[in-house]
Each structure stands twice: as C-alpha cells, then as structure tokens.
Amino acid sequence: MKKIALVAVSLVAFGGIYVSAQQPGAAGAPAGQQRQRPAPDPRSIGGGNCADNPYNCVDVVNPLPATNTVWLEEMTWIDVRDALKAGKTNIIISTGGIEPNGPWLVTGKHNYVLHTNCEAIARKMGNALCAPIIKLVPEGGIEPKTGHMLSPGTMSMREETFRAVLTDAAESLQAHGFTNIIFIGDSGGNQGGQKAVAEALTAKWAGKALALHIPEYYDYASVTKHMTANGMAEGKSDGLHDDVIITLNMFIDDPDSVRYDGRVKANKATINGHSIADKAKATAQAKQIVEFRATKTIEAINKAIAAKGKPGTAAQ
C-alpha cells in the first residue's frame, strides 16, 4: 500500500508540473511562449536604469566638480565620460610584478614605482589617464618553480595569461573611446608580451586606435647615466636585486616600501655605497629620477603616436 501511495503522489506531482507548463503565459500570451522583457532603455548607463534615477542616464550632468585624479579606478563613470569628451583619449596600462628584491624592498617593488611614474607621465602629458596597474606578470615557472618563483611571496602569471589580460584590458578601453592605449612595463619579463599584444591590436584596429609598447620607459641604464652626471654615483654593488635608482623611485611613492625608518634607525640606509639617510636629499634625488623617466617616456610616446605604432619609423 505504501508503494502504491508513493506512486500516486508522484503521478499527481508530475501531472501538476505538466499542466502548469501548458498554461498560457502572462497577459494571455499563447501557450509555450515566455513572457518577453521590455526593451532596455538606450539612455540607461552607469549600472542602473535611467527611469529609476537621472544619475543612471547617459547625458546626466556631473553633480560634482571635475576630479583631479588621473587614475581610472578613482573616477566615477561620469568622470571618465567627461575626461574623454575633454580630449583625454590616451590611457596608460602599466605592468609591474610581485617578486623578491633583497632584505629592504617589498615584493611589490615595480608596482610602487609605477604608481608614481604613471601619474607623473599622465599629468605631464595633460591628455592621458592611468589604467589600474597590472600587478601580476610572468615571474617564472609555477610548477616546477623557476626564476623568481623560487622565492616565497612571488606570484607569477603564465605568458599566455598575461597576454590575454593585456588584450582584454586594452580592448575594453578602446571600446569606450580611448584612441591610444599605451603599455609601459617596469620589469624585463613584461616587455615581450606587451610588444606582441600592441602590434596585434594595432593591426586589428586598422586605424581606429593604436596600441603602443614603449620600451624606452624600461631603460634604467639611461636613468643611471643621467643621475651619475648629476652627482649621484653608486659605489660597489651590494649584490642584491636592488639599486639606488629603484630604491629612490619607490621611496618617493612610499618610504615604508623600502623600510626607510627602520633602516635609518638600524644604520642600514645605504645601497651600493650610496646613503639615503638624508631624507631631504633623498627626496630631491627621487624627484629628479621621476622627472627624467617621465620626460623620456613622453618623448617616446609622442614618437610612437606620430609613427602610428610602426616600429622603427618614429618621427625624429
């Protein structure tokens, strides 16, 4: 009897589902047809519906004064829209890394450098913004571990993943109206992927926009030469993945990223024979480094734009 009762209940339940599925749709729609959603409002933008709030409408006036930041993630969608309308159609995608750098510098070394340098470049250009820094890059094999991955704290990205991230980031920005997407990388392992992606996207966009790899940004030798000519010579190498230029470039962004106070207190505020203990002097030298790198990078960007991204044909 129990089995018969269970079968009966199952048949009733199944029948109810079947009948329900055959019922006409809402508002007398023919059987088997789903209720259609209303067409989206073409004026809706900003994550909501224009009908629900005027700040979700494409043509809304910014209720606040224009922001002073050059960082995309620090802007509202309205800020970005207005910046594009004002001619800020250049955007910099910078790539850093998470890797070992001796006992004084934090693993995010390149990301601190880029936080200062991208801002300096964008502000000096006047018509550019900075996209969020891509902080994970190829740093060595993951399994088995090779390169920087041998050191705890390193985070690596496979080359194909890195290139896919660059491609998606650049295409997202181009879709919104940025016409020059500029790649700068603060690490040697980033350069090849940036170059390949830039060339592929420029070809794909066929004149609508340019993707530009700027290798001149990653020219620490010229920075060292410039600073040596201005009285900041290094002594004997300490044998670390560290030097005066990178230390000061990080220091100007965040002194704790080079463990400044702790090193001064422990009488360890030197690198390659150069002291950074005099904070005022270190700050002045760091500003020189940032200014030189920004100026040199902007010159290269302008040449690349004039050459429409074609290697070796930049205007002289």
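Analyst: The account below begins with the helix pair and then turns to the aromatic rings and the loop.

This is a predicted model, in which local features need pLDDT of at least 70, side-chain atom pairs count only at pLDDT 80 or more, and totals for chains, interfaces and linings use all residues. Residues are numbered from 1 along each chain as its sequence is written, and side-chain values use heavy atoms, with hydrogens and water left out.

Two packed helices are described by the angle between their axes and the distance between the axes. Here the axes of helix α3 (residues 109–125) and helix α9 (residues 279–306) come within 9 Å and cross at roughly 55 degrees. Helices are DSSP runs of H or I with at least four residues, strands are runs of E with at least two, and both are numbered from the N terminus. Axes are lines fitted to C-alpha atoms, for helices over the stretch in contact, with angles from 0 to 180 degrees between N-to-C directions. The crossing of α3 past α9 is right-handed, meaning that the near helix is turned clockwise from the far one by less than a right angle.

On the α3 side, V113, T116, N117, A120, I121, K124 and M125 meet V290, E291, R293, A294, T295, T297, I298 and I301 of α9, contact being heavy atoms within 4.5 Å. By class, this contact of α3 with α9 has 8 nonpolar, 4 polar and 3 charged residues. Nonpolar covers Ala, Val, Leu, Ile, Met, Phe, Trp, Tyr, Cys and Pro, charged covers Asp, Glu, Lys and Arg, and the others, Gly among them, are polar.

A search of the whole structure finds 2 aromatic pairs. The rings of Y218 and Y220 have centres 5.7 Å apart and planes at 85 degrees, so this pair is edge-to-face. Rings of Phe, Tyr and Trp (its six-membered ring) pair if their centres lie within 6.5 Å, with planes under 30 degrees apart stacked, over 60 edge-to-face and the rest tilted. The rings of F251 and Y260 form a tilted pair, with centres 5.1 Å apart and planes at 50 degrees.

M149 lies in the loop between β2 (128–130) and α4 (159–175). Its C-alpha atom is separated by 8.8 Å from that of P100, 49 residues apart along the chain.
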